[in-house]
Amino acid sequence: QIWLANTDGTGLKQLTFTTDPDMATGFPVWSPDGKRLAAYFSGTTFLLDPTRSQKEQPEATLPKDPRYRLVAWDWSPDGKKLLGILAEGDRRHIGYFSFETNSYHPVVEDSQEVGSWLPDSRRFVIARKNKLFIGDIETKQLTEIFAHPDRLDIRSPFISRDGKLLYYVAATAESDIWLLDLTAEK
């Protein structure tokens, strides 16, 4: 479900009331003006008005397309595009939906990294394994900008809206095997 709250935790308000487990809502993304939320559920990206509950929402979705569906990760600073994973059957691309052209645009094919727009609303940052890249929606090129010195996996890179700060999660996967002797005396 999607909930809203003030930064101090007060004013809790539930926006969605889905009871079907296959319709679980996810990935809510704020528009830059704060007047809409894009949220993916049940194979569709819905555009929600945060001042209304799900029952009061007008039916607003990204257009149905026989080729693509978009799981949005970031709304462009100019408010004209949603960046995310563009699914095409079993294939996943990094792409965006343009509100100006009302259409979907793959940028990096056969890739499913999540990203964040830079302030120019043309370029975005993504992570692949232990590296960060800048992508460009016009040239469709990726340029490496950083490799983690400890080779830790980089995940969820985001750029501050003023473009002065890039932050990400660095992680490494490890596991332990524990043995328990069940024959030991009590």
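Student: In the hairpin of strand 8 and strand 9, which residue takes a positive phi?

Tutor: This is a predicted model, and in it N102 takes a positive phi near 55°. The hairpin that joins strand 8 and strand 9 has four residues between the strands.

Student: How do strand 8 and strand 9 pair, and over how many bridges?

Tutor: The general idea comes before the case. Strands of a sheet pair through backbone hydrogen bonds, either parallel or antiparallel. Here strand 8, residues 91-98, pairs with strand 9 in the antiparallel sense, over five bridges. S98 stands opposite S103 in strand 9, and the bridge partner of F97 in strand 9 is Y104.

Student: Which strands form the open sheet, and in what order?

Tutor: Four strands form the open sheet, in the order 6-7-8-9, with antiparallel pairing. From one strand to the next, the twist averages 35°.

Student: Back to F97 and Y104. Which aromatic cluster are they in?

Tutor: F97 and Y104 belong to one aromatic cluster with Y68, W75 and F99.

Student: How many aromatic pairs does the count give, and what describes a pair?

Tutor: A pair of aromatic rings is described by the distance of the centres and the angle of the planes. The count comes to 10 aromatic pairs. One of them is F27 with W73: the ring centres are 4.8 Å apart and the planes stand at 55°, so the pair is tilted. F27 lies in strand 3 and W73 in strand 6, 46 residues apart, and the pair links distant parts of the chain.

Student: Are F27 and W73 buried, exposed or partly exposed?

Tutor: The cut-offs matter here: buried means under 20% relative accessible area, and exposed means over 50%. F27 has a relative accessible area of 39%, so F27 is partly exposed. W73, with 25%, is partly exposed as well.

Student: How are the rings of Y96 and W117 arranged?

Tutor: Their centres are 6.2 Å apart and their planes stand at 75°, so the pair is edge-to-face. Y96 lies in strand 8 and W117 in strand 10 (residues 115-117), so the pair ties together parts 21 residues apart in sequence. Y96 counts as buried because its relative accessibility is 10%. W117 also counts as buried, at 1% relative accessibility.

Student: Where is T19, and is T19 buried or exposed?

Tutor: T19 sits in the loop between strand 2 (13-14) and strand 3 (26-30). Its relative accessible area is 76%, so T19 is exposed.

Student: What is the volume of the largest pocket, and which residues line it?

Tutor: Rolling a probe the size of a water molecule over the atoms shows where empty space is left. In this model the largest pocket has a volume of about 190 Å³. Its lining includes Q112, E113, V114, A127, R128 and K129. D153, I154, R155, S156 and P157 also line the pocket.

Student: Which elements give two or more residues to that lining, and how do the lining residues divide?

Tutor: The elements are strand 11 (123-128) and strand 14 (153-159). Strand 14 gives the most, with five residues. The lining residues of the largest pocket divide into four nonpolar, two polar and five charged.

Technical notes:
Residues numbered from 1 in each chain as written. Predicted model: local features only at pLDDT ≥ 70, side-chain atom pairs only at ≥ 80, totals over all residues. Heavy atoms only, no water. Pairing = 2+ DSSP bridges. Axes fitted to C-alpha atoms, helices over the stretch in contact; angles between N-to-C directions. Buried < 20%, exposed > 50% of the residue type's maximum accessible area, 1.4 Å probe, protein only. 1 Å grid on protein atoms, 1.4 Å probe; cavity = no way out; pocket = protein on both sides within 12 Å on 5 of 7 lines; lining within 4 Å. Points joined across faces, edges and corners; volume = space filled by probe spheres on them. Nonpolar A, V, L, I, M, F, W, Y, C, P; charged D, E, K, R; others polar. Phe/Tyr/Trp six-rings, centres within 6.5 Å; stacked < 30°, edge-to-face > 60°.
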